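Subject: Structure handover

Hi,

Here is the structure we talked about. Please open it alongside this note. My findings follow below.

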Amino acid sequence: MISQRGVRLLTAHGLRESLQKAALSTTCANHKSYKLVVVGGGAGGCATAAKFSSKLGKGQVAVIDPANMHYYQPMWTLVGGGMKTLEDSGKPMSEVLPRKADWIKQKVVGFDPHNNKVITNEGQEINYEYLVVALGIQVNYDQIKGLTDALETPGVCSNYSPIFVKRTFKSLKNFKEGNALFTFPNTPIKCAGAPQKIMYISEEYFRKHGKRDKANIVYYTSLPVLFGIKKYADALWEVVKERNITVNLRHNLIEVKPDSKEAVFQNLDKPEELSNVKYEMLHVTPPMSSPDVLRKCSALVDGTGYLKVNKETLQHESFPNIFGIGDCTNIPTSKTAAAVAGQIGVLRKNLSMVMEGKTPDSAYDGYTSCPLVTGYSTCILAEFDMNGNPLETFPVNQAKERRSMFHMKKDIMPHMYWMGMLNGYWEGPKYVRKAMHLGFSK
Ligand SMILES: Cc1cc2nc3c(=O)[nH]c(=O)nc-3n(C[C@H](O)[C@H](O)[C@H](O)COP(=O)(O)OP(=O)(O)OC[C@H]3O[C@@H](n4cnc5c(N)ncnc54)[C@H](O)[C@@H]3O)c2cc1C
């Protein structure tokens with residue numbers, strides 16, 4: 001067995017050597033082999049395992065993931081607003097992973113791509129012919145000084161974790177008067193719209209409960225824009241103006257002081273300029289990064305630490321038997337479950353071709369989507385491609401706040417996720433879009 005200390009010491013450099021030594025002391029029970037290993041059983045991993053275990057048959061595919069629960073994370077925005085519960089958003093992992101795949105309920109702690117194996121926290125070496133990396137993105141609450149302590153105090157909350165999301169609605173209910181602050185960190189994140197969706201929901205909550213005139217709502221974002229795609233950013237500027245919300249661009253939360261209920265922001269254009277702002281409610285979107293285990297394997301990642309794949313084929317740039325899907329990849333599109341849906345069909349085709357000895361030729365267009373919920377009954381459905389061009393499914397102006405889009409987000413998308421995507425049936429809205437536009441769409 002590799003000791004825990006040994007595992008921690010595995011650096012990209014010493015990985016192979018350590019593995020060879022470890023191999024000498026492991027028993028056969030510690031080795032397993034699969035045609036396809038999927039690392040991570042979230043949105044991308046589960047959909048991949050469903051596709052390939054039904055194609056390759058029982059015993060050919062393994063999914064490695066230590067989590068007891070599989071969460072439909074997009075629902076956490078609604079959990080924060082009190083429209084759904086955390087329990088509504090999750091199912092036991094054992095119920096969602098495909099029956100024909102073996103679930104290895106362990107954590108991957110090392111990759112050895114030169115020898116086609118991964119190592120788990122229990123010292124197992126899992127060999128593969130093909131590997132799909134679907135580790136998601138890592139949330140780093142500890143990177144903001146004082147935040148982990150503050151998240152145990154009233155008024156501080158975060159929709160980005162199943163541990164903290166329940167605190168959001170509690171904070172809304174307990175809010176009396178003062179500043180309600182919402183933050184967007186200085187790193188790439190999953191669902192870049194979610195930090196402001198909860199702000200619009202909160203604003204409506206305060207209005208409906210007679211507290212709006214006592215609430216000063218402020219959005220602090222590290223970005224230079226309200227949203228990355230101009231068409232939707234323009235619409236969102238109208239929403240913030242109409243709702244009297246203050247937006248501070250290029251401001252990054254660097255510290256929380258729970259004793260004095262203050263948040264410290266750095267002006268990213270004048271780094272020496274710090275402002276201490278009192279809060280009654282503080283919703284934090286934490287900094288995020290590529291998962292540590294991936295980042296430390298330099299052969300697999302680019303300079304930013306994300307899995308280095310071809311942005312169209314999803315095949316690894318150096319190891320042709322490795323593919324990536326979802327948030328852990330360096331594909332330059334917004335990290336969402338919708339993007340995973342857009343990628344899964346490409347992965348299905350291209351990995352199958354590689355398994356047959358052919359060259360992958362299917363190309364991902366970067367499709368991603370962000371249902372920008374703007375309250376308890378409205379939503380702007382942003383959909384766009386890798387180049388930031390809108391790629392809308394419906395033949396209406398999707399930048400407009402609509403009740404229909406809200407119901408799609410709240411009532412229809414969860415079913416599409418659980419029943420369609422995770423079972424390998426939903427590959428994004430491409431064909432619906434073509435039909436809706438009578439064939440005149442990409
Ligand atoms: C608040 C919030 C709102 C969102 N809103 C939307 C939305 O409206 N629309 C939308 O499309 N998307 C939304 N998203 C984003 C969406 O949930 C993610 O982009 C999507 O889940 C990414 O899928 P993934 O497979 O890459 O990662 P995940 O689904 O996060 O799965 C990663 C899996 O890897 C496992 N794992 C991690 N480390 C290891 C390890 N070392 N070994 C083995 N397994 C490991 C984890 O347990 C997890 O199961 C939202 C997310 C949040 C948090």
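Predicted model: local features only at pLDDT ≥ 70, side-chain atom pairs only at ≥ 80, totals over all residues.

Glu-203, Arg-207, Arg-212, Arg-243 and Glu-401 are linked in a network of salt bridges. As background, side chains of opposite charge can pair when their charged atoms come close.

I looked at the contact between domain 2 and domain 3. Domain 2 brings 18 residues to that contact, and domain 3 brings 21 residues.

How much area do domain 2 and domain 3 bury between them? The value is about 1,500 Å², with 68% of it on carbon and sulfur atoms. On the domain 2 side, Lys-197, Ile-229 and Tyr-232 lose the most area to domain 3. Together they make up 37% of what that side buries.

Now the polar part. Between domain 2 and domain 3 there are 2 salt bridges. There are also 8 residue pairs in polar contact, counting pairs with both residues at pLDDT 80 or more.

Which helices each supply at least two residues of the domain 2 side? They are H7 (166-174), H8 (194-208) and H9 (230-242). H8 gives the most, with 6 residues. By type, the residues of the domain 2 side that touches domain 3 divide into 12 nonpolar, 1 polar and 5 charged.

**Salt bridges across the structure**

A search of the whole structure finds 20 salt bridges.

*Lys-231 and Glu-392.* Lys-231 forms a salt bridge with Glu-392, and the closest N and O atoms are 3.1 Å apart. Lys-231 lies in helix H9, while Glu-392 lies in the loop between strand S21 (379-384) and helix H12 (403-421), so the pair ties together parts that are 161 residues apart in sequence. Glu-392 has a relative accessible area of 12%, so Glu-392 is buried. The cut-off for buried is under 20%.

*Glu-280 and Lys-261.* These two form a salt bridge as well, with the closest N and O atoms 3.9 Å apart. The cut-off for a salt bridge is within 4 Å. Glu-280 is in the loop between strand S16 (274-278) and strand S17 (281-283), and Lys-261 is in the loop between strand S14 (251-257) and strand S15 (262-267), so the bridge ties together parts 19 residues apart in sequence. Glu-280 is partly exposed at 23% relative accessibility. Lys-261 is partly exposed too, with a relative accessible area of 26%.

*Lys-358 and Glu-356.* The closest N and O atoms of this salt bridge are 3.0 Å apart. Lys-358 has a relative accessible area of 46%, so Lys-358 is partly exposed. Glu-356, at 48% relative accessibility, also counts as partly exposed.

That is the handover.

Best wishes

Note on methods: Residues numbered from 1 in each chain as written. Heavy atoms only, no water. Contact = heavy atoms within 4.5 Å. Buried area = accessible area lost by both parts, 1.4 Å probe. Salt bridge = Lys/Arg side-chain N within 4 Å of Asp/Glu carboxyl O. Polar contact = N/O pair within 3.5 Å; in protein donor to acceptor, adjacent residues only side chain to side chain. Helix = DSSP H or I, 4+ residues; strand = E, 2+ residues; numbered from the N terminus. Nonpolar A, V, L, I, M, F, W, Y, C, P; charged D, E, K, R; others polar. Buried < 20%, exposed > 50% of the residue type's maximum accessible area, 1.4 Å probe, protein only.
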